[in-house]
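Morning, everyone. Have the model open on your screens, please, and follow along as I go.

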Amino acid sequence: MLIHVRHRTRYTYDHPVQSMIQALRLSPRNHEGQYVRRWQIDLDQEGTLRPGEDSFGNVLHMLSLDGPLTSLCITVEGEVEMLDTNGIVRGALEKFPADLYLRETPLTLADAAIADFAHEIAGKAGSNKLKVLHGLLGAIHSEIVFDTEQTDTATTASDAFRLKQGVCQDLSHVFIAAARHLGIPTRYVGGYLMRSDDNIHQEAGHAWAEAHVDGLGWVGFDPANGICPTEAHIRVATGLDYLGASPIRGARLGGLAERMEVQVTVADSYPQDLAQQTHWSKPVDAIQQASQQFQA
Amino acid sequence: MPFDEMRLEDGSVRAPYLEVAKWLEGVTSAQLERRRAEAELFYRRGGITFAVYGDAQGEERIIPYDIIPRILAAQEWAKLKAGLEQRIKALNAYLADIYGPREILKAGIVPPDLVWRNPAYRPEMAGLAVPHGIYIHIAGIDIVRVDGDDFYVLEDNARTPSGVSYMLGGREISIRLMPELYGAHRVAPVENYPNELLATLQSAAPRNATKDVTAVLLTPGQFNSAYYEHSFLADKMGIELVEGSDLFVRDSVVFMRTTEGPKRVDIIYRRLDDAFIDPLVFDPHSMLGVPGLFAAYTAGNVTLANAVGTGAVDDKVVYSYVPDMVRFYLGEEPLLKNVPTWRCRDPNDLAYVLDHLSELVVKEVHGSGGYGMLVGPHATGADIALFRDKLKADPTNYIAQPTLSLSTCPAFVDMGIAPRHVDLRPFILTGADGIRIVPGGLTRVALRAGSLVVNSSQGGGTKDTWVVES
């Protein structure tokens, strides 16, 4: 299946920005079941985009812009040929042994509640790791309500688990915290999802988790949807948590308040109405995004 | 009886201390007291203070200075120096390995989780070629003695070790306040440390840097406990003392804002922890760092001294493997000894430790500054019970060592001249042109009678250290 993606991020500022620097993890790579036909990043302002790779093997672009700048729009657009692999990831660039993904990070720390939850699931599932992971997947999907209002990018796994609410990122962090607590190497995946309903216009990208199972390798788990990833899941970046796979991390000098809006379109054909697409996510307070103002 | 560096057990004086003993006989307590007061005034006027973390008042204090110098014979120093050079080579080789080919893990010498799950290991550094392959440009390796023969390493400090300003301040006081005693010895100089440090930093510039390289010292700012040292060293080296907001990155090159416009920076002696150096890569809330700095570093356009992620070699469990690193990377036997260490992560070791808490020193694997440790022989029953629970709850977080009978040196205390326990922190500089160690280092002294804790945060003081030619 050929999936078409357009992802636009638009920033507007109250005052002109003097300079800006951003780290972009916005470009998918090829692996079994995922072949990138074409992919490009466009800016509506003059800037330098320096391509590279981070130590996890993600494509990393460093973007530098000089002001004065009152707005910026980053457009990512491309097509990816996708095949279903039953959620199993093969042929991806692996820079570390799986055991690295047992590290704790502040966003994925298992508190006592998550630890108890993980042990309860594991107790029911028995010794089969895959069963345990499916148990976690089902339980997190049913117990944590998808809600875009209660959490932000700084919300930890334990906060989301206490709230029993969150977005795909929060559910993934809870999954990661619980699985790592059980000694299963687990990582965060940022990407895009083509929805099964006909709603091709979305307000954000998608996130899920991958756990390492002996004999199978890395297997995806999408707790927001309660399924393993299918041909509809385009993997863009992986990391220990959201911060390591964040699409955009930035800092700027000047600008005062920032508004950031996101528009994502994912469809299995080139959408006829793409040019007319004018719906943006409602503006979000920038500090809730990974992008922070850097005070001079 | 602990080993006393001045006197043999029969009370006779060891050769390196003959002049000091003579001087101590001829000087009155009143004279010593006056000199001590003058030394304190020197520190107070110089603003050489430190803040104690965890102190409710957060007050600035002066580290007590003991005016009686510690003496090391030149031949003793030569032996120690060779051991330090060997050790720093092994530590550096380990970092190059765990961020590169990972041979020591493949060889089964270091358990992999000590790398992969070590919070001080920075996965972002993996596969990165640091300039000249140097990770630890500046190290402080803490040394203790228990007899006249061997030097033991207590811990390796490979992140941003501090204390060198006290070494330099102490020497200045010796020369000013005790010219007669100083003049009676041929004391090897330490005053050239800032020059040696600058030469080390400059030698470590990226290979693509121009001939006229620019180094800066990056400080977290005046609220850091070692701020005085940062400004002191920058001043002595004649380089700019900068905070994160004085630097910026454009197109993977680091610049410093100056009144004459942007100036390219080649080497950053950073006294800022890894987590804070770049909000785009590490702690996203850090306001102390420079956005884009890590990208400039990975592009090979700037040298960070020390490199990022050096803490992966200096925790107290990894410490216990350093002798193996010396053998593995250098094919040599270690010249410096390690203190025997029980790893509580190992069930057998844990059982032994739990049975012998009253004899052992128990430390947190990632602890520092003398915090969070148990000194068994000096602890109350309640302290020991508390630690027993901590150990059982989280054994991997602890190691234990025998209580070493640290050597003593004469110190001037309220009751007069009395032996007090000491350690030594020499500073090891590694540049592209070799290793430099100024003779001596910072001697820390536990001024409370019988105390083995020399940390300044725990009431320890400092002494000048003289490496003397006989």
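This is a predicted model: local features need pLDDT of at least 70, side-chain atom pairs count only at pLDDT 80 or more; totals for chains, interfaces and linings use all residues.

Leu256(A) sits in the loop between β13 and β14 of chain A. Its phi is near 50°. That is a positive value, and the residue is not glycine. Is Leu256(A) buried or exposed? Leu256(A) has 10, so it is exposed.

Chain B has a residue with positive phi as well. Asp251(B) is not a glycine either, and its phi is about 55°. Look for Asp251(B) in the loop between β9 (247-250) and β10 (253-256) of chain B. The count for Asp251(B) is 16 C-beta neighbours inside 10 Å, so this residue is partly exposed.

Strand β14 covers residues 258-267 of chain A. Of its 10 residues, 8 are buried, so the strand is largely enclosed by the rest of the structure. Which strands pair with it? β1(A) does, antiparallel, through 10 bridges. Within that pairing, His4(A) has Ala267(A) as its bridge partner. β9, residues 201-202 of chain A, also pairs with β14(A), again antiparallel, with 2 bridges. There, Gln202(A) is opposite Val264(A).

Next, the open sheet in chain A. In what order do its 5 strands run? The order is β5-β11-β10-β8-β12, and the pairing is antiparallel. The edges are β5 (88-89) and β12 (233-239). Each edge strand has a single partner, so one side of each has no neighbour in the sheet. Further in, β10 (206-213) and β11 (217-221) of chain A pair antiparallel over 5 bridges.

For α2 (residues 129-143) and α4 of chain A, the angle is about 145° and the axes are 10 Å apart. The crossing is right-handed. On the α2(A) side, the contact uses Leu133(A), Leu136(A), Leu137(A) and Ile140(A). On the α4(A) side, it uses Leu171(A), Val174(A), Phe175(A), Ala178(A) and Ala179(A). How do these residues divide by class? There are 9 nonpolar, no polar and no charged.

Asp170(A) counts as buried because it has 30 C-beta neighbours inside 10 Å, and the cut-off for buried is 20 or more. Beyond its neighbours within four places in sequence, Asp170(A) contacts Thr151(A), Thr155(A) and Ala160(A). Its C-alpha is 8.9 Å from that of Ala224(A), which is 54 residues away along the chain.

Two peptide bonds to check. Gly67(A) to Pro68(A) is cis, with omega near 0°. Pro68(A) is in strand β4 of chain A. In chain B, the bond joining Ala305(B) and Asn306(B) is also cis, with omega about 0°. Asn306(B) belongs to the loop between β13 (303-305) and α11 (316-319) of chain B.

On to the chain contact. How many residues does each chain give? Chain A gives 23 and chain B gives 22. On the chain A side, the elements giving two or more residues are β1 (2-24), β3 (48-53), β4 (59-82) and β13 (248-254). By class, that side has 13 nonpolar, 5 polar and 5 charged residues.

Last, the domains of chain B. The assignment gives domain 1 as 15-206 + 302-338 + 404-469, and domain 2 as 342-402. Their centres, taken over C-alpha atoms, are 25 Å apart. Their contact takes 11 residues from domain 1 and 10 residues from domain 2. The domain 1 side divides into 5 nonpolar, 4 polar and 2 charged.

That's the tour. Over to you.

Technical notes. Residues are numbered from 1 along each chain as its sequence is written. Chains are lettered from A and ligands numbered from 1 in the order in which they are written. Two residues are in contact if their C-beta atoms, placed from the backbone, lie within 7 Å. Helices (H or I, at least four residues) and strands (E, at least two) are DSSP runs, numbered from the N terminus. Ala, Val, Leu, Ile, Met, Phe, Trp, Tyr, Cys and Pro count as nonpolar, Asp, Glu, Lys and Arg as charged, and the others, Gly among them, as polar. Domain bounds come from an automatic or database domain assignment. A residue is buried if 20 or more other C-beta atoms lie within 10 Å of its own, exposed if 12 or fewer, and partly exposed in between; C-beta atoms are placed from the backbone. Two strands pair if DSSP finds at least two bridges between them. Axes are lines fitted to C-alpha atoms, for helices over the stretch in contact, and angles run from 0 to 180 degrees between N-to-C directions. A crossing is left-handed if the near helix is turned anticlockwise from the far one by less than a right angle, and right-handed if clockwise.
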